[in-house]
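Q: I should like to learn how to read the features of a protein model one at a time. Could we begin with a general idea and then turn to the case at hand?

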Amino acid sequence: RGGWSEIQLGALLEDMLAPTQYDRNFKPRETGEVVVEYAIKLPNRDGSGEPVWLPIDAKFPIETYNRLVGAQERADVDAINAETKALEMRIKGCAKEICEKYLNPPRTTDFGIMFLPTEGLYAEVIRRAALVETVRRDYNVTIVGPSTLSAFINSLQMGFRTLAIQERSSEVWKLL
């Protein structure tokens, strides 16, 4: 299941980005053996010419999710509450892992992406606004699913294109 979610993430990135725009099994620290499944190359504004990398890690807590769905199908309120808490703890644990292992500014961005490979799991997590906010605030991790990954990457690309246009237009203005 971990391999499946990683393959799905890789296929989505391959469809959206050129091979030079991302890296597979990226080392966020120059020393050590820790690698993140994927990292997107972003322009660095410090003038060094070195890119900054956005770590993306696929997570698939399917057992926890399946137990929650089973409890919902049985309409077992106590089990639903217990499995909801378990799912929230699992997501927070995944976010903490991403934060501690893969975020290493200035080599990486100061935030990472947690990719959830199924729309059902993503929907179950995202409908808990407090969980999503906690993950973003405490661990600097944004949660995306298959349908929102492309929108997220497109928004990043548009932001960097806008910055590039602004920089070029100010250069032209100075030249004139």
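A: Helices are DSSP runs of H or I with at least four residues, numbered from the N terminus. The model shown here is predicted.

Q: Which helix holds arginine 136 and glutamate 133, and how many residues apart are they?

A: An α-helix has 3.6 residues a turn, so residues three or four places apart point the same way. Here, arginine 136 and glutamate 133 both belong to helix α5 (residues 129–139), and because they are three residues apart, about one helical turn separates them. Their side chains meet in a salt bridge, at 3.8 Å from N to O. Arginine 136 is partly exposed, with a relative accessible area of 39%, and glutamate 133 is likewise partly exposed, at 38% relative accessibility.

Q: How many helices and strands are there in the protein chain, and in what order do the elements run from the N terminus?

A: The protein chain has six helices and five strands. From the N terminus on, their order is α-β-β-β-α-α-β-α-α-β-α.

Q: What percentage of the residues in the protein chain is buried, and what share of the contacts joins residues 24 or more positions apart?

A: A residue counts as buried when its relative accessible area is under 20%. In the protein chain, 41% of the 176 residues are buried. Among contacts with a separation of 6 or more, 65% are between residues 24 or more positions apart. The accessible surface of the chain is about 9,900 Å², and carbon and sulfur atoms account for 54% of that surface.

Q: What span should helix α2 have at 1.5 Å a residue, and which of its residues are buried?

A: The expected span of a helix is 1.5 Å times one less than its number of residues. Helix α2 (residues 62–74) has 13 residues and should therefore span 18 Å, which agrees with the 18 Å between its end C-alpha atoms. The buried residues in α2 are Ile62, Thr64, Tyr65, Leu68, Gly70 and Ala71. Their cover includes α3 and α4 (119–126). Just after α2, alanine 75 adopts a positive phi of about 60 degrees.

Q: Where does threonine 84 lie, and is it buried or exposed?

A: Threonine 84 lies in helix α3 (residues 77–102). Its relative accessibility is 14%, so threonine 84 counts as buried. The side chain of threonine 84 comes to 2.7 Å from the backbone oxygen of isoleucine 80. Beyond neighbours within four places in sequence, threonine 84 contacts Leu68 and Arg128.

Q: Which parts does the pair of glutamate 83 and arginine 67 tie together?

A: A salt bridge requires a side-chain nitrogen of Lys or Arg within 4 Å of a carboxyl oxygen of Asp or Glu. The side chains of glutamate 83 and arginine 67 form such a bridge, at 3.1 Å from N to O. Because glutamate 83 lies in helix α3 and arginine 67 in helix α2, the pair ties together parts that are 16 residues apart in sequence. Glutamate 83 is buried at 17% relative accessibility, whereas arginine 67 is partly exposed, with a relative accessible area of 42%.

Q: How many salt bridges are there by this rule, and with which residue does aspartate 57 form one?

A: The count is twelve salt bridges. Aspartate 57 forms a salt bridge with lysine 59, and their closest N and O atoms are 2.9 Å apart. Aspartate 57 is buried at 2% relative accessibility, and lysine 59 is buried at 11%.

Q: Which residues touch the most other members of the largest nonpolar core?

A: A nonpolar core is a set of buried nonpolar residues joined through side-chain atoms within 4.5 Å. The largest such core has 25 residues, of which Ile91, Met114, Leu116, Val125 and Ile143 touch the most other members. At least two residues of this core come from each of β2 (36–42), α2, α3, α4, α5 and β5 (141–144). Helix α3 supplies the largest share, six residues. Leaving out residues up to four places away in sequence, isoleucine 91 touches Pro61, Met114, Leu116, Val125, Leu131, Val135 and Ile143.

Q: What does cysteine 99 touch, not counting residues up to four places away in sequence?

A: Cysteine 99, located in helix α3, touches Tyr139 and Val141 by that count. Cysteine 99 is partly exposed, with a relative accessible area of 23%.

Notes: Residues are numbered from 1 along each chain as its sequence is written. This is a predicted model: local features need pLDDT of at least 70, side-chain atom pairs count only at pLDDT 80 or more; totals for chains, interfaces and linings use all residues. Side-chain values use heavy atoms; hydrogens and water are left out. Buried means under 20% relative accessible area, exposed over 50%, partly exposed in between (1.4 Å probe, protein chains only). Contact means heavy atoms within 4.5 Å. Accessible areas come from the Shrake-Rupley method with a 1.4 Å probe; for residues, only the protein chains shown count as cover. A polar contact is a pair of N or O atoms within 3.5 Å; within protein, one must be able to donate a hydrogen and the other to accept it, and residues adjacent in sequence count only if both atoms are side-chain atoms.
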